[in-house]
Amino acid sequence: MNPLKKKPRTKGYEKAPEKPDWLKVRLRFPMQDDPVELVRQDLDKKNLHTVCESASCPNLNHCWSRKAATFMLNGDICTRRCAYCDVASGRPARLDPKEPQKIADSVQRLGLRHAVLTAVNRDDLADGGAGQFHDTVLAIRAVQPKCKVEVLIPDFKGKPENLAIIYAAKPDIINHNIETVRSLFPVVAKQKKYDLSLQVLQHIAESGFVCKSGLILGLGETVTEAKECISDLANHGVQMLTVGQYLQPTPTHHPVQEYIRPEVFEELKWYALDRGFIHVESGALVRSSYHAEKQADPIFSDTEK
């Protein structure tokens, strides 16, 4: 990654506070045949991008050690510039027409049974990049028919015609992250709209797909606001939910306001389950695609009986 692509997200400069013990994870890997390196080599060979690296995910080593990765479509440059996100922003390159097949080949080589596809925002494209999602889902199904495919999509500015392109590929799960509470959208996600995201999620649910969303905490929200957001998601048809801790990528990103204690994550998990969610993952290191295949297992084991 060219460091020049990483531009400051805020005017201030504030170092993140020291992480508490419950956010510190120590991992060990074998000296030979390191599975993390095997995944990295496979991705590098095809010049593929993952949100694991581009968004500085804290679970990269853990997931890659299990040969699981979230593929990022449409390049690694986003047309939006959210204050919390570590994905580079700027003018994206042209789409790689071979990317769908490259990803499908990687899924096959790694023997994945649950593949997650996400993407940068591509507001420069008429379809917002939806076509690349569609083609990649179909390419995976052609080589790995039993692999469940989950897509984590941007809002596509709420355009039904772009969502229809996603639906036509019939992914197993469609995820669109709400990310934060209503009051913080103007602060950390100025190019997004809270109500638009809710409308997109409702459209997904009403179109008959398993609908998933995610919320990150520690940006400055209250527990009451988090519960209101969870209720909004439930009222708009969301069935699966992830709740995790915001980790400030650099001193020029939105500062961490609070490290949320484990008991709060547990409280929000049970609150969400009481609101009717089928499955909830809530914890400091939880991310949208972390153990995604395990999150999906209860749903598909029930539907396949």
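Helices (H or I, at least four residues) and strands (E, at least two) are DSSP runs, numbered from the N terminus. Residues are numbered from 1 along each chain as its sequence is written, and side-chain values use heavy atoms, with hydrogens and water left out. The model is predicted: local features need pLDDT of at least 70 and side-chain atom pairs count only at pLDDT 80 or more, while totals for chains, interfaces and linings use all residues.

**Figure 1. Asn-74 sits in the loop between β2 (70-73) and α4 (99-110).**
Asn-74 counts as buried, at 2% relative accessibility. Here buried means under 20% relative accessible area, exposed means over 50%, and partly exposed lies in between (1.4 Å probe, protein chains only). A polar atom of the Asn-74 side chain lies 3.4 Å from the backbone oxygen of Gly-129. Contact means heavy atoms within 4.5 Å. Neighbours within four places in sequence are left aside; Asn-74 then touches Leu-95, Glu-99, Ala-119, Val-120, Arg-122, Gly-128, Gly-129 and Gln-132.

**Figure 2. Phe-133 and Phe-156 belong to the three aromatic pairs found in a search of the whole structure.**
Their ring centres are 6.4 Å apart, with 85° between the planes, and the pair is edge-to-face. Phe-133 is in helix α5 (residues 130-143). Phe-156 is in the loop between β4 (148-152) and α6 (160-168). The two are 23 residues apart, and the pair links distant parts of the chain. A pair of aromatic rings is described by the distance of the centres and the angle of the planes. Rings of Phe, Tyr and Trp (its six-membered ring) pair if their centres lie within 6.5 Å; planes under 30 degrees apart count as stacked, over 60 as edge-to-face and the rest as tilted. Phe-133 is buried, at 1% relative accessibility. Phe-156 is buried too, with a relative accessible area of 5%.

**Figure 3. Phe-185 and Tyr-194 form an edge-to-face pair.**
The ring centres are 5.5 Å apart and the planes stand at 85°, so the pair counts as edge-to-face. Phe-185 is buried, at 5% relative accessibility. Tyr-194 is buried, at 5% relative accessibility.

**Figure 4. Helix α10 spans residues 262-274.**
Helix α10 has 13 residues and reaches 19 Å from its first C-alpha to its last. That is close to the 18 Å expected at 1.5 Å a residue. The expected span is 1.5 Å times one less than the number of residues. Val-264, Phe-265, Leu-268 and Ala-272 are buried in α10. Seen down the axis of α10, these buried residues fall within an arc of 100°, so they line one face of the helix. The arc is that of the directions from the helix axis to the C-beta atoms. The buried residues of α10 pack against β6 (210-217), α9 (223-235), β7 (240-245) and β8 (279-282). Just after α10, Gly-276 has a positive phi of about 110°.

**Figure 5. Helix α9 buries Ala-226, Cys-229, Ile-230, Ser-231, Leu-233 and Ala-234.**
Helix α9 has 13 residues. From first C-alpha to last, α9 reaches 18 Å, close to the 18 Å expected at 1.5 Å a residue. The cover over its buried residues includes α8 (194-206), β6, β7 and α10.

**Figure 6. Lys-170 and Glu-179 have positive phi without being glycine.**
Phi of Lys-170 is near 55°. Lys-170 lies in the loop between α6 and β5 (173-175). Lys-170 is exposed, with a relative accessible area of 59%. Phi of Glu-179 is about 75°. Glu-179 is in the loop between β5 and α7 (185-188). Glu-179 is buried, with a relative accessible area of 16%.

**Figure 7. Ser-288 lies in the loop between β8 and α11 (292-303).**
Ser-288 counts as buried, at 11% relative accessibility. Ser-288 and His-176 are 112 residues apart in sequence. In space they are 9.4 Å apart, C-alpha to C-alpha.

**Figure 8. The whole chain has eleven helices and eight strands.**
Of its 305 residues, 52% count as buried. Among contacts between residues at least 6 apart in sequence, 76% join residues at least 24 apart. The accessible surface of the chain comes to about 14,600 Å², and 50% of it belongs to carbon and sulfur atoms. Accessible areas come from the Shrake-Rupley method with a 1.4 Å probe; for residues, only the protein chains shown count as cover.

Methods:
A polar contact is a pair of N or O atoms within 3.5 Å; within protein, one must be able to donate a hydrogen and the other to accept it, and residues adjacent in sequence count only if both atoms are side-chain atoms.
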